Amino acid sequence: MKEMILDYIRKEYLNEEDAEDMQLDENTPLISSGIVDSFSMVSLKRFLEKKYAISIPDDQATPEAFDTVNRILELVRRFQKDS
Amino acid sequence: MAYPDAVQQAFRSELESIHGQGLFKEERFIHSPQSSGILVEFPAGAEPKRVVNLCSNNYLGLSSHPDVIAAAHRGLEERGYGMSSVRFICGTQDVHRELERAITRFLGTEDTILFPSCMDANAGVFEAILGPDDVMISDRLVHASIIDGIRLCKAMHDTYKHADMAHLEQKLEEHRDRRVRLIITDGVFSMDGDLAPLDRIVQLAEKHGAMVFVDDSHASGFIGKTGRGTHEHFGVVGRIDIITTTLGKGLGGASGGCVSGRKEIVELCRQRARPYLFSNAVPPPIAVATLKVLEILSSTTERRDKLEANTTFWRRALKETGFVIKEGESPIVPIMLFNAKLSQEVSRDLFREGVYAVGFFFPVVPAGQARIRTQLSADHDLPMLEDALKAFKKVGEKHGILGLDKKGIIAKYGS
């Protein structure tokens with residue numbers, strides 16, 4: 001799951017120039033560092049919902065909850081359990 | 001009245017936090033009309049100082065043009081100071097409709113509706129025409145006012161990587177089940193100065209049955225052979241569904257904006273766009289003065305040609321001096337410094353040397369992309385730009401960045 005999400009973030013948010021310079025892992029800050037802007041976060045949310053058959057309410061899809069892949073994994077697992 | 005201590009303390013903490021992050025904005029008082037050379041009091045209380053202005057949107061130098069001022073006086077005399085009404089109650093004069101028609105002719109569209117500002121046009125247009133069955137697909141670097149407009153609209157939204165046509169096409173395919181897919185972009189991007197590839201965007205839109213929205217605020221009046229905008233530059237006049245633009249930059253610089261495009265869209269804005277329905281009409285002096293601006297720009301390309309010559313000179317001169325600039329064709333020329341603190345220091349040093357140019361850093365621009373943004377005007381002349389260049393050279397030498405590329409500057413200062 002982790003690799004799949006990292007791969008999606010690389011393809012969706014990084015351009016070729018960034019991808020060369022940047023080491024992206026599960027602890028890399030995404031929103032607070034500006035890699036993913038909070039306005040564009042919506043496509044990541046939709047990807048997670050579709051891929052893992054979950055529904056993340058808007059009030060749970062906060063910049064804080066999406067700030068690292070580790071936090072995203074926690075969120076996805078929580079909603080998988082709930083469903 | 002209740003202003004509890006706890007609330008006051010919370011507001012103070014927020015202000016301190018803004019200060020702490022180095023994001024506190026301070027106004028600089030200008031003691032002269034807007035122009036390429038201005039008298040600036042900074043810091044507050046200091047003796048006003050004459051500086052070369054490289055940070056206004058006065059692209060065509062019309063903000064203080066005598067013919068524009070005379071037209072504004074005429075508007076004031078003949079139609080009054082203000083309308084004291086929104087447009088649809090008793091706030092529409094003959095000059096408002098005349099201006100809408102003149103903008104329509106100038107931009108080569110079907111119809112136009114005026115708004116108090118382009119910020120208001122962008123805030124109102126999406127909500128007026130789109131609903132939950134539609135999707136707005138915006139470039140990731142669009143202006144903040146577009147983002148606010150998108151947030152006010154109930155349609156789904158998505159974004160594509162800046163000017164990345166393959167990514168845009170992927171998004172158009174992903175959302176093919178939507179009633180309307182509206183591609184949203186700036187014509188000229190305000191922080192980078194690059195142009196959206198409108199020819200390719202229009203091709204994609206036509207291939208996929210999508211519509212196109214362009215905010216041409218940093219283009220109207222000077223981009224394109226006759227200054228009609230980015231759509232003229234790319235040969236797609238008449239093929240953009242919605243253009244929003246401002247009267248507050250190249251087109252005279254006072255205030256006001258518009259939505260121009262398909263007549264049904266303009267009519268829906270007249271019926272539903274909240275900033276149009278609930279705020280006052282553009283003041284008569286501005287309407288009459290903007291008519292004069294469009295008359296000047298339709299009779300000669302002299303001013304946009306001079307701006308283009310100034311831009312060509314400035315871009316080449318900065319590169320030859322050893323700065324890293326964002327490549328492009330527009331009069332917005334960012335000098336890349338990458339490091340936030342360095343951008344602030346360079347801006348401060350430039351002011352000391354008689355040049356007014358502002359440093360921008362995250363979150364206004366992406367992290368690690370701090371820069372000094374310079375903006376040219378037809379009001380600049382060559383000696384003025386040569387003086388400004390000397391100041392840039394001196395400040396660049398002081399910080400040891402001349403001749404360094406991106407990696408070199410980051411190695412020296414960090415990103």
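**Note on the predicted two-chain model**

1. In strand β6 of chain B, Thr159(B) is the bridge partner of Ser138(B). Strand β5 covers residues 135–139 and strand β6 covers residues 156–160; the two run parallel and are joined by five bridges.

2. Together, β5(B), α6(B) and β6(B) form a β-α-β unit that is right-handed. The helix of this unit, α6, takes in residues 144–151 and includes Ile150(B).

3. Is Ile150(B) buried or exposed? It has 22 C-beta neighbours inside 10 Å, and the cut-off for burial is 20 or more, so Ile150(B) counts as buried. For Phe126(B), the separation from Ile150(B) is 24 residues in sequence, and the C-alpha to C-alpha distance is 6.5 Å.

4. Asp199(B) sits in another helix of chain B, α8, which runs over residues 198–208. It has 15 C-beta neighbours inside 10 Å and therefore counts as partly exposed. Leaving out residues up to four places away in sequence, Asp199(B) touches Phe234(B), Gly235(B) and Val236(B). His31(B) is 168 residues from Asp199(B) in sequence, and their C-alpha atoms are 43 Å apart.

5. Helix α1 of chain B spans residues 5–20. Its 16 residues reach 22 Å from first C-alpha to last, close to the 22 Å expected at 1.5 Å a residue. How many residues of α1(B) are buried? The number is zero, so α1(B) lies largely in the open. Just after this helix, Gly22(B) has a positive phi of about 75°.

6. As a whole, chain B contains 16 helices and 14 strands. Of its 415 residues, 49% count as buried. The C-alpha trace spans about 60 × 55 × 55 Å along the principal axes. A compact globule of 415 residues would have a radius of gyration near 22 Å, and chain B agrees because its value is 22 Å. Among contacts in chain B with a separation of 6 or more, 71% are between residues 24 or more positions apart.

7. Chain A has four helices and zero strands, in the order α-α-α-α along the sequence. Buried residues account for 12% of its 83 residues. The C-alpha trace of chain A spans about 40 × 20 × 20 Å along its principal axes. The radius of gyration of chain A is 12 Å, which agrees with the value near 12 Å for a compact globule of 83 residues. Of the contacts in chain A between residues at least 6 apart in sequence, 59% join residues at least 24 apart.

8. Last, the interface. Which numbers of residues meet between the chains? Eight residues of chain A are in contact with ten of chain B. On the chain A side, the residues touching chain B comprise two nonpolar, five polar and one charged.

Methods
Residues numbered from 1 in each chain as written. Chains lettered and ligands numbered in written order. Predicted model: local features only at pLDDT ≥ 70, side-chain atom pairs only at ≥ 80, totals over all residues. Expected span 1.5 Å × (residues − 1). Pairing = 2+ DSSP bridges. Right-handed = clockwise from strand over helix to strand, strands pointing away. Contact = placed C-beta atoms within 7 Å. Nonpolar A, V, L, I, M, F, W, Y, C, P; charged D, E, K, R; others polar. Rg over C-alpha atoms; globule rule 2.2 N^0.38 Å.
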